[in-house]
Amino acid sequence: MTATPKTALTIAGSDSGGGAGVQADLRTFFACGVHGMTALTAVTVQNSLGVRDFGEIPVHLVTDQIRAVAEDMGVDAAKTGMLATAEIITAVARTLDEVHIGRDADVPFVVDPVAASMHGDPLLREEALEAIRTELFPRATLVTPNLDEVRLLTGVEVTDVESQRDAATALLELGPRWVLVKGGHMYDNPECVDLLSDGAQVVELTGPRHDVEHTHGGGDTLASAITASLAKGLGVPDAVSQGKRFIERAVAEAYPLGKGIGPVSPFW
Ligand code: PLP
């Protein structure tokens, strides 16, 4: 018999193409050596060309999935991805309190505020942004928005490292303990600079910019790799640098699949 591994829970949507969503989260958890568990929130009809449609899972099934795994198997760290509606977000927030997951409990909680796919297809009903701000951010150990999500959530347009700092300040005012403002979409910067801050410390994580076509599922993969490291007991700055190392490798190994954008890859 093998020793029980640490556990990580993803509360997120399904990508039928297997590149993003819970599929990306589970394979990342596996690659990072933690046991992955899921609370499915929505089903997308999706391939490499985009999201054709999606439908939500009934709210009581979302919250009962969280309760079922938390009560029995225990959760060492959790993350959210696509949450689809304000109703799901509010119910998830209440359930996380009930099972003691979040910044004020001992179980780290990462919020990846997924709003749209890289093709621009919406993955969140419009009225749900406010619920992300008010229900999820105050409970988060770490939030990991990309620059589009930063603009939607705070109104701050990030164009350089200085405005990235302003964005971090604006996001911290919404209540998470740490923010990671991902700079991967700042295309005129030859390097990829992510800014991590808890208000007191500001860490710039600089890495190479890979000029690759296939990056589907990149955001989910980074947030999952960070969540896996948090499940193993690392602190936030160490978990984020491990996660960044993982995503750099996954982007470098991304592969073509279908006629559109292929997925980042955990195979190496
Ligand atoms: N589909 C689902 C279910 C997702 O959770 C996400 C991102 O979180 C996407 C699609 C979009 O992924 P990408 O922007 O990498 O294409």
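View 1. The model is predicted: local features need pLDDT of at least 70, side-chain atom pairs count only at pLDDT 80 or more, and totals for chains, interfaces and linings use all residues. Residues are numbered from 1 along each chain as its sequence is written. Helices (H or I, at least four residues) and strands (E, at least two) are DSSP runs, numbered from the N terminus.

**View 2. Helix α7 is mostly covered.** α7 has 14 residues and reaches 20 Å from first C-alpha to last. That is close to the 20 Å expected at 1.5 Å a residue; the expected span is 1.5 Å times one less than the number of residues. Of its 14 residues, 14 are buried (20 or more other C-beta atoms within 10 Å of the residue's own; exposed is 12 or fewer, partly exposed in between; C-beta atoms are placed from the backbone).

**View 3. Nine strands form an open, mixed sheet.** The order is β3-β2-β1-β4-β5-β6-β7-β8-β9. β3 (50–56) and β9 are the edge strands, each pairing on one side only; strands pair if DSSP finds at least two bridges between them. α7 packs on the sheet, touching β1 (7–15), β4 (77–80), β5 (109–111) and β6. Contact means C-beta atoms, placed from the backbone, within 7 Å. The directions of α7 and β4 make about 160° (axes are lines fitted to C-alpha atoms, for helices over the stretch in contact; angles run from 0 to 180 degrees between N-to-C directions).

**View 4. Strand β7 is covered on both faces.** Trp178 and Leu180 lie on one side, Val179 and Val181 on the other, and all are buried. In a regular strand the side chains alternate between the two faces of the sheet. β6 and β7 run parallel, joined by two bridges. Valine 143 has valine 179 of β7 as its bridge partner. β7 and β8 pair antiparallel over three bridges. Here valine 181 partners leucine 195 of β8.

**View 5. Helix α8 packs against strands and α7.** The 17 residues of α8 (236–252) should span 24 Å at 1.5 Å a residue, and the end C-alpha atoms are 24 Å apart, which agrees. Its buried residues include Val240, Lys244, Phe246 and Ile247. The buried residues pack against β6 (142–143), β7 (178–181), β8 (191–197), β9 (202–208) and α7 (218–231).

Definitions and conventions. Two residues are in contact if their C-beta atoms, placed from the backbone, lie within 7 Å.
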